[in-house]
Amino acid sequence: MSGKKWVYTFGDGKAEGQSSMRNLLGGKGANLAEMCNLGLPVPPGFTVPTEVCVYYYDHGQSYPPELKAQVEAALAETGKIAGKTFGDPANPLLVSVRSGARASMPGMMDTVLNLGLNDQTVDAVARAAGDERFAYDSYRRFITMYSDVVLGCDHHHFEEALEEYKDRKGVQLDTDLGAEDWKVLVGRYKAIVLKELGRNFPQDPHEQLWGAIGAVFGSWMNARAIKYRELNSIPAAWGTAVNVQSMVFGNRGDTSATGVAFTRNPSTGAKELYGEFLINAQGEDVVAGIRTPQDITEMARKAAGSDRPSMEVAMPEAYAELVRIYGILEKHYRDMQDMEFTVESGKLWMLQTRGGKRTAKAALRIAVELANEGLITEHEAILRVEPGSLDQLLHPTIDPKAERRIIATGLPASPGAATGEVVFTSNEAEVLKKAGKKVILVRVETSPEDIHGMHAAEGILTTRGGMTSHAAVVARGMGKPCVSGAGQIRVDYAKKTFTVGAHTLKAGDFITIDGGTGQVMLGEIRMQQPELAGEFATLMVWADKVRRLKVRANAETPHDARTAREFGAEGIGLCRTEHMFFEGDRIVAVREMILADDEAGRRRALAKLLPMQRADFVELFKIMQGLPVTIRLLDPPLHEFLPHTESEMAEVANSMGVSVEKLKRRAADLHEFNPMLGFRGVRLAIAYPEIAEMQARAIFEAAVIAARETGQPVVPEVMVPLVMTLPELDMVRGRIDAMEKAVEAETGAKLTYQVGTMIELPRAALRAREIAGAAEFFSFGTNDLTQTTLGISRDDAASFLGPYTTKGILPADPFVTIDRDGVGELVRIAVERGRQARPDIKLGICGEHGGDPASIQFCEETGLDYVSCSPYRVPIARLAAAQAALGKVTAREG
């Protein structure tokens, strides 16, 4: 391994790395190098690459032997550029140590600032700055952070000592304390470390540095980092890099500041500098939401109604430089950037740039506007928007006509509205979510330990923190509504209550939050469904131009069918007729059919159902206006239509004029140990052909009526479920064809129709060549095909699928993303064999997988004709199909 490069330096307008090296240098390191190469003002430093992290875990948490010498050399180089020397008591170089993985992981990994301070160097820093307060303020921050992150002495010990000291002095803000106060507190902080850990705070800068590097690598495996990776499918083997960088100070008085800025608004996508800064502060003050920050632009300050000056007014030179740099970065990266900066004594320094996290609404607008500005192509714009994130846009907002009983207003940190029961801890949120409850997580501020609770909640409300705080960034990424910094609210974790004005709410009370306005309201409020327009429509037009796969919807109610049409569905790929049987009079007729003693009795009951089914189909055909509609014949086992409880049994027996005993006997006859593999699907049509005949007649009569009323020909597709052999399909097809002839004879109309089957059993996939002889189309029912191929019951899988995916036995939940190697192989076999027998056979998929981007990519590769998904996922499927056509790989890099 000798001669291997373990350290990459940057600074003074040049760097050993560049942005394309993010797998090695991590996102932050690669972008720092790139900014240096662009000639931007970046404090000098170096990156210890991800390879060292991998080596560290492969070699029992030890470092490569050459690393120490290479780090020393890089430290000397950094010092030379900065004009200081690391560890020199007279002119010390201070550094920050930050982690940076190749995928941005907000708040997951820990940062240490001001490293290199000790009892000697603190005085040298005070002399050089002519400011003792600044030096000791920096030192107490360093002790707090280093003790917390590296030594494992929790920061609340230091917070308590600080609060108690401020109370005794009668001051409110940290900025009210002077040099002597910080000196006293530094002494107290060191005493805390000794008391809690039984050893002194380290004074040797080199020991401090190696401790910090080790802590970054160690935190790659902490519980919250593991949870974040699990939620975002990031492999542990990627490792993290460490960035060591010369410190610049935002806390050197009123000409210094620190801030975070986005080159476009991350909530709306508007082209305006958006962000926050704090005068006389260090970076963690802004991101951790400890002090409430100020706006960067005058426009934002006015919009927020803030009386504190914007950066544009308070620091015009630094602001102008920031605007210049943001233009360079957007043009260079061709995307919206999230930048961190510090102003030290009037000079602006860039500490980070990365592609900014954004809401779906912003992602759409930014992609479309960047394409219109000529920075990217239409195809690139299509690839820029994560299909799954469109979900956020399809979510409810509060009905403008609904009464809002507003009790508090915070910052609008992540759009959308949510209603739920108040919970105060992430664990409670997770427990209640599992019990089927909707909850709003209420916290003073969130930290990375709250990821699982944020995931479980409908929305998040915090009383502290700005628009760039942890809660805001994570909620936007998850597409969850969030209101942050609602300072009027007082949370009491011990009593599980929060108070605002005259209102006290306890855990379990309902509130509604509006992440678009920042309002917090009492009770449950009526929501309104979203309207899609503007950039959404533009991007969809671009997507529809390039996609090959058609997108249909699974729908049986007129409401679902209309929704599907509004979202651009090109037909119905699955109409589940049994869903139409559960309403009012219909269920009575269905039960009469089930209880009938002979075929004549069944036919009498079915005759009552016929006009109801026919009316349903007429309405669907009219809504779909000549687009294809695939109707599945009755699929579920008959016992699903019978009453279950004693009281329901009595009620039904009474209304039908039969004895409770007869009803119970029939229910017992129909009881099955494993109904999913029982008397259902085509098996019902074989045993009771009259059911299939009634449904086929209803379909064909409806097609005639709808065609006459709309003037558009209707081509129904009749689908026979759960077929495993050709004789089954032949037999049922014979009945369907006979009904079509009868309807033609009765009405004098000429009908065009297709009969096909669902492929949801492995045997059907393997015998697809002969089955295609009687089927004009196949629709892959991948929900059941997954159950029957993997031998996993979908309803019982939750208990063990989690460990299977976390341990890497399965790459993903096979009911969410298609199992390519098993189920996918059967689909490929059925496609190939079906086409050999019938080259023009129509092929689609109608399981849940039809709305999953990774599964849609598989459908594109396999050459299916269409996917069918729930109406709300139609836009997601349209975009995913376009990305698949453009060859996007949905599996993550690495």
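Strand β30, which spans residues 716–720 in this predicted model, is largely enclosed by the rest of the structure, because five of its five residues are buried. Burial here means a relative accessible area under 20%. Both faces of β30 are covered. On one side lie Pro716, Val718 and Val720, and on the other lie Glu717 and Met719, and all of these residues are buried.

The neighbours of β30 in the sheet may be considered next. Strand β29, residues 629–632, runs parallel to β30 and is joined to it by four bridges. Within this pairing, Arg632 stands opposite Met719 of β30. Strand β31, residues 754–759, also runs parallel to β30, and four bridges join the two. Here Glu717 has Gln754 of β31 as its bridge partner.

Attention may now turn to helix α22, which covers residues 599–624 and therefore has 26 residues. From its first C-alpha to its last, α22 reaches 35 Å, close to the 38 Å expected at 1.5 Å a residue. The helix bends by about 30° at Leu609, and a proline, Pro611, follows within four residues. After α22 comes Gln625, whose phi is positive, near 45°.

Strand β21, residues 490–492, pairs with strand β22, residues 497–500, in the antiparallel sense over three bridges. In this pair, Val491 stands opposite Phe498 in β22. The hairpin of β21 and β22 has four residues between the strands, and Lys496 takes a positive phi there, near 55°. Strand β22 also pairs with strand β23, residues 503–506, again in the antiparallel sense, over four bridges. Val500 has His503 in β23 as its bridge partner. Two residues lie between the strands in the hairpin of β22 and β23, where Gly501 takes a positive phi near 55°.

The element that gives the most is α30, with three residues. By class, the lining of the second largest pocket comprises 12 charged, eight polar and eight nonpolar residues.

Definitions and conventions
Residues numbered from 1 in each chain as written. Predicted model: local features only at pLDDT ≥ 70, side-chain atom pairs only at ≥ 80, totals over all residues. Heavy atoms only, no water. Nonpolar A, V, L, I, M, F, W, Y, C, P; charged D, E, K, R; others polar. Pairing = 2+ DSSP bridges. Expected span 1.5 Å × (residues − 1). Bend = angle between axes of the 7 residues up to and from the residue. Buried < 20%, exposed > 50% of the residue type's maximum accessible area, 1.4 Å probe, protein only.
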